[in-house]
Amino acid sequence: MRALVAGPDAFFAALERTPNYDAEAFAAFLTREKLLDWVAPVLASERGAPLISPGFRAALVEHQTARRATNDDLLRVSAEVGSALGAAGIGCLFLKGLYFGQRFYRDVHRRHQGDVDVLVRAAHFEAALEALSRLGFDVTT
């Protein structure tokens with residue numbers, strides 16, 4: 001997995017020199033550790049096809065399609081939240097998920113994420129909840 005940071009060539013070279021490479025075990029590992037988003041663009045490519053089963057390749061392509069739709073929704077929600085908080089005069093920082101996807105993976109779609117994490121100053125907490133409530137979020141605890 002570390003080899004993928006250096007690019008697809010390094011990743012494929014590492015896989016090809018892995019003794020006793022087990023495609024099924026590798027697929028199970030990627031799924032269990034939520035690494036599909038990170039490797040799907042490379043493994044689902046023509047070059048990756050011989051290293052995985054056709055069924056797993058199809059699953060990767062399907063996963064990528066679903067993940068892109070989810071991430072597009074999360075990006076839309078992030079923009080709405082940022083705009084609503086900004087309009088209320090509340091500064092915020094987005095954490096983890098999409099931010100890490102862009103910063104560390106160079107593509108928001110290559111990191112698993114399932115929600116939007118936003119940080120506001122404690123002094124603005126109640127006002128932030130009001131702004132989020134106006135967007136339709138359930139802000140009850």
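Residues are numbered from 1 along each chain as its sequence is written, and side-chain values use heavy atoms, with hydrogens and water left out. Because the model is predicted, local features need pLDDT of at least 70 and side-chain atom pairs count only at pLDDT 80 or more, while totals for chains, interfaces and linings use all residues.

Two packed helices are described by the angle between their axes and the distance between the axes. Helix 2 (residues 23–32) and helix 3 (residues 36–43) pack at about 135°, and their axes are 9 Å apart. Here the axes are lines fitted to C-alpha atoms, for helices over the stretch in contact, and the angles run from 0 to 180 degrees between N-to-C directions. That makes helix 2 and helix 3 oblique to each other; the cut-offs are under 35 degrees for roughly parallel, over 145 for roughly antiparallel and 65 to 115 for roughly perpendicular, with the rest counted as oblique. On the helix 2 side, Phe26, Leu30 and Thr31 make the contact, and on the helix 3 side it is Leu36, Val39 and Leu43. Contact means heavy atoms within 4.5 Å.

Helix 3 is largely enclosed by the rest of the structure, because seven of its eight residues are buried. Buried stands for under 20% relative accessible area, exposed for over 50%, and partly exposed for anything in between (1.4 Å probe, protein chains only). The buried residues of helix 3 are Leu36, Asp37, Trp38, Val39, Ala40, Val42 and Leu43. Two of these, Leu36 and Asp37, are touched by His63, leaving aside residues up to four places away in sequence. His63 sits in helix 4 (residues 54–87) and is partly exposed, at 22% relative accessible area. Along the sequence His63 and Asp37 are 26 residues apart, yet in space the C-alpha to C-alpha distance is 7.9 Å.

Further along helix 4 comes Ser78. With a relative accessibility of 12%, Ser78 is buried. Not counting residues up to four places away in sequence, Ser78 touches Phe94, Leu98 and Val116.

Now for the charged pairs. Side chains of opposite charge can pair when their charged atoms come close. The structure holds five salt bridges, each defined as a side-chain nitrogen of Lys or Arg within 4 Å of a carboxyl oxygen of Asp or Glu. One of them joins the side chains of Arg57 and Glu46 at 3.3 Å, N to O. Since Arg57 lies in helix 4 and Glu46 in the loop between helix 3 and helix 4, this pair ties together parts that are 11 residues apart in sequence. Arg57 is partly exposed at 24% relative accessible area, whereas Glu46 is exposed at 64%.

Another salt bridge brings together Arg76 and Glu80, at 3.1 Å from N to O. These two are four residues apart in helix 4, which means about one helical turn separates them. An α-helix has 3.6 residues a turn, so residues three or four places apart point the same way. Both partners count as partly exposed, with relative accessibility of 42% for Arg76 and 34% for Glu80. Arg32 and Glu33 also meet through their side chains (3.3 Å, N to O). Of this pair, Arg32 is exposed at 55% and Glu33 is partly exposed at 41%.

Two loop residues have backbone angles worth a look. Asn20 has a positive phi of about 55° although it is not a glycine. Asn20 belongs to the loop between helix 1 (8–16) and helix 2, and is exposed, with 76% relative accessible area. Lys34, again not a glycine, also has a positive phi of about 55°.

Leu93, Leu95 and Leu119 form a nonpolar patch with about 270 Å² of accessible area together. Accessible areas come from the Shrake-Rupley method with a 1.4 Å probe, and for residues only the protein chains shown count as cover. Patches are built from residues with over 30% relative accessible area and no salt bridge, joining like charges within 9 Å and nonpolar side chains (Val, Leu, Ile, Met, Phe, Trp, Tyr) within 5 Å. Leu93 lies in strand 1 (residues 93–95) and is exposed, at 54% relative accessibility.
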